[in-house]
Structure formats: structure tokens, C-alpha cells
Amino acid sequence: MTTPHPIDLDLKQARIHPAVRAIVIPPCPESLLRLQQIMAAPEVDLTALDQLASSDVAMAAALMRVANSPLHGLAQPVQTVGMALTVLGVRPSVELLSAFITRHALNVRSPLLDHFWESSQRRAIACEHIGRQLYSLDPGLGYSFGLFCHVGIPVLVKAVRGYSSTVTEALARKDRTFTQTENANHKTDHAVMGAIVARTWHLPAAVAQAVWLHHDFACLSDERFDPTVRHLVAMGALADYLVTHHENLPPTREWQLHGEACMEHLHVTQDELDHWIDALYPAFEAVVF
């Protein structure tokens, strides 16, 4: 009998809190479960992946749109899902499908979320890229963490009255953190809700724990947490810096307070960050929903 991961014990406790108990967590979509099954097999069944991607017209179109983007510079546009899978490759295709499924499963109409999914996709791309540069972390874990980092926000926008106003307040306040403002107003926060979604949707425990901790930079020096979790938290801060720079936004207060510590944790220099800004530009530009 396996011992539960600490994050699962924490989440079990969080779920019984009155503020959380009333919030409905969307079940893991069947299409995402199927995608996870395809990727868990010893060999990826490309026919099954093609069938899954083709099962939804919008999902197939999204895959083909990225394959036909200037990022890939094709002389002739792809016209089938199978061709798109070949151009993109299995792992990038799976990541795009995961992002599409997640977005539609958590789709909420709100002005607050107008650019939310574009930024989430870019954050995921940045985390994966950083993971590849560091050689010490599975880039796939980085991508999943980047994508799910803020999924608690649309869950709370949909479920909690007044949460959109709380986000506006949290972004403006200088005297406390984003999650402190959320907890003051609603007795929970998007980091906790995001971690619950991540585990409910069968993501690795390290990803869920990093989602929970992604605003708690004290964890970087706390050896109670697995190094992978701490690396992901630091990586998330660097990814947010890269995304905000691309989107012509000022550096966040968190970056000003903790960016240097996150760079030191990952042994990343400002020159490397500047290089990644240029390297990621085409992939960031290709993100369109």
C-alpha cells in the first residue's frame, strides 16, 4: 500500500474547509483522460492520437492553425490532423491538445479572462523552454505546471460572487500578496484551487504542489519540499517575467521582490533571460485562441 503524497493530505484537508466545499471542481474531461492514457502507453499510438484530435472540429482546427503558423514556415499548408501531428511532433501536439481541452473545460465568460488563456499558454511554453535549458527538469512537467499555475482563477470567477473584484484589488494592493487578499475576502485562493484541479485531473503530485506554492517563495530554501517542486516555483517566476515582457506589461511586484532569488535558485543570469526573450518570441507570437 503506497503512502499518500503530502500534497494529497493537504488537499484533503483543504477540501473540507467550508469556503472550498461549496466550490464545484469540474471533473477531468474524458478527452484529457484519453490523452493521458495514450501518452502512458509504452509506445504512443499515433492513430489513436489522430482520432482523438479529429474528434472535435475546433480542437482539430486549433492544431492545424499552429502547424500552419509562421513559426513552422511551411511552403504548403497542412490540410489534415495527421499532417499537423507530423509537422508539430508528438509532444508539442499533446501539449497543444492539453491546453485546448483545459481551456474549454474551464471556459468562463468574463472580461477578466479575455487574455487569460493566451498568457497561460505562453507561461507553459516558457516553463518548458526553461526546463530544456536547465537539463535538470522534465520539460513536460514544466509545461503542465505553467499551464495549470493559475487555473484556480477561472474556477473562482465562476463559483465565487465578487471574486473578479478581488482580483482587481489584489493586483492593486502593495501591502500584501495576491493570495493574502484572496484569503481575506474569500477564505481560499487560486493557488489552493489550482492544486485541487491539478490532482483531480491526475497531474503529477509535484505539479500540484508547485501550483499550491507558486506565490510562496519562502519554499525555495525549505528542504521539506522536493527539489523538483522548488525548481518549478522558481521557474514559474521566470516564465511570468518572460510573458509579461512579451505582452508589454511592467514587471510584477513579485518579480521585483523575488525575481533575483528565483534566478539564483536556478543559476540563471540576466543575459540568459534576455536571450530567452528573443528565442521565445516566435512561439509566443504563435499563441492565438
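A salt bridge is counted here wherever a side-chain nitrogen of Lys or Arg lies within 4 Å of a carboxyl oxygen of Asp or Glu. By that criterion, the structure contains eight salt bridges. The model is a predicted one, in which local features need pLDDT of at least 70 and side-chain atom pairs count only at pLDDT 80 or more, while totals for chains, interfaces and linings use all residues. Residues are numbered from 1 along each chain as its sequence is written, and side-chain values use heavy atoms, with hydrogens and water left out.

The side chain of R173 meets that of E169 in a salt bridge, with an N to O distance of 2.9 Å. R173 also pairs with D175, and for this salt bridge the N to O distance is 2.7 Å.

Residues are classed by relative accessible area as buried (under 20%), exposed (over 50%) or partly exposed (in between), using a 1.4 Å probe and protein chains only. R173 is partly exposed, at 26%, and E169 is likewise partly exposed, at 27%. D175, on the other hand, is exposed, with a relative accessible area of 56%.

Another salt bridge joins D222 and R224, whose closest N and O atoms are 2.5 Å apart.

Attention then turns to the cysteines. A disulfide is, in general, a covalent bond between the sulfur atoms of two cysteines; in the model, the term is applied to a pair of cysteine sulfur atoms within 2.5 Å. A search of the whole structure returns zero disulfides. For C28, which is in no disulfide, the nearest cysteine sulfur is that of C149, 19 Å away. C28 is buried, with a relative accessible area of 10%. C127 is also in no disulfide, and its nearest cysteine sulfur, again that of C149, is 7.0 Å away. The relative accessible area of C127 is 0%, so C127 is classed as buried.
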